[in-house]
Amino acid sequence: MTCTECRRTLDAYLDGELDVRGMLDVESHLQACAACARAAEAKRALSAVVRERAPVFKPPPELEARLRARIASATDAAAPARSTRTSRVASWAALAVAASIALVAGVRWRSDGKNAEARLMEELVSAHLRSLQANHLVDVASSDQHTVKPWFQGRVDFGVPARALTAAGFPLQGGRIDYVAGRPVAALVYRRQQHVMNVLCWPRDSALNVAATQTRGLQIVPFATGDVDCAIVSDAALTEISQLRTLLTADAIR
């Protein structure tokens, strides 16, 4: 992939609109091209600022009352020129139009929320797929939690729930810094046989709500520990992912 091709598909990549092959092609290019990688990070940062600061339209509770009042006023003004039956029909028609407008506004607002959730899921998937690229799985390679956990100090401003789980069948591979929704997150990497299990963590934030889902053959399983929210992303079986989640949140291993 050339830089021109990458820049042309960069917006679709960041919005999660490419297929798996397209995502991997762009991510591979970003790994090799510092200029395109900077352009991608700039777009991510801009998107994060827009999501955080751009005004979102929420229909006020009094909207219906205001619409009804205006329609009633207009109907009353036109009453002398209309029959009672015609006026009644016109009034109901106007109410139907007003209700449709309010409904469309509400649906649009809810749709924007769903789109934001879908974009977040795509970014979690992208972070997992990026990690599978050569030399990108970990920034610090170790199965020792006392090596991995301190490595994150100064790189993120929250405690990372690193655990040494080799005896339980989930050997820790290490950790890295990744990016989700335009912000840095801590990524802990575990393995279950041949399956890579990325545990992405960030400080508690209602703007990054994650729901359990399955997409592109991957499971996304959220959990919380302390004041940190996490999501496990992997193609491993759901039972194994749930077991890892239990191990990472068990009081006995803290």
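Which residue in β4 is the bridge partner of Arg 192?

Author: The bridge partner of Arg 192 in β4 is His 195. Before going further, please keep in mind that this is a predicted model, in which local features need pLDDT of at least 70 and side-chain atom pairs count only at pLDDT 80 or more, whereas totals for chains, interfaces and linings use all residues. Residues are numbered from 1 along each chain as its sequence is written, and side-chain values use heavy atoms, with hydrogens and water left out.

Strands (E, at least two residues) and helices (H or I, at least four residues) are DSSP runs numbered from the N terminus. The strands β3 and β4 run antiparallel and are joined by seven bridges; two strands count as paired if DSSP finds at least two bridges between them. In the loop between β3 and β4 lies Gln 193, whose phi is near 60 degrees, a positive value in a residue other than glycine. Gln 193 is exposed, with a relative accessible area of 65%, where exposed means over 50%, buried means under 20% and partly exposed lies in between, using a 1.4 Å probe and protein chains only.

Both strands belong to an open sheet of seven strands with antiparallel pairing, in the order β1-β2-β3-β4-β7-β6-β5. Its edge strands, β1 (140-141) and β5 (213-215), each pair on one side only. Packed on this sheet is α7, which touches β3, β4, β6 and β7, a contact being heavy atoms within 4.5 Å.

Within α7, the residues Glu 240, Ile 241, Leu 244, Leu 247 and Leu 248 are buried. Seen down the axis of α7, the buried residues fall within an arc of 120 degrees, so they line one face of the helix; the arc is that of the directions from the helix axis to the C-beta atoms. What covers these buried residues includes β3 (183-192), β4 (195-203), β6 (218-225) and β7 (228-234).

Glu 240 is buried, with a relative accessible area of 17%. Not counting residues up to four places away in sequence, Glu 240 touches Phe 170, Arg 192, His 195 and Met 197, and two of these, Arg 192 and His 195, are the bridge partners with which we began.

Notes. Axes fitted to C-alpha atoms, helices over the stretch in contact; angles between N-to-C directions.
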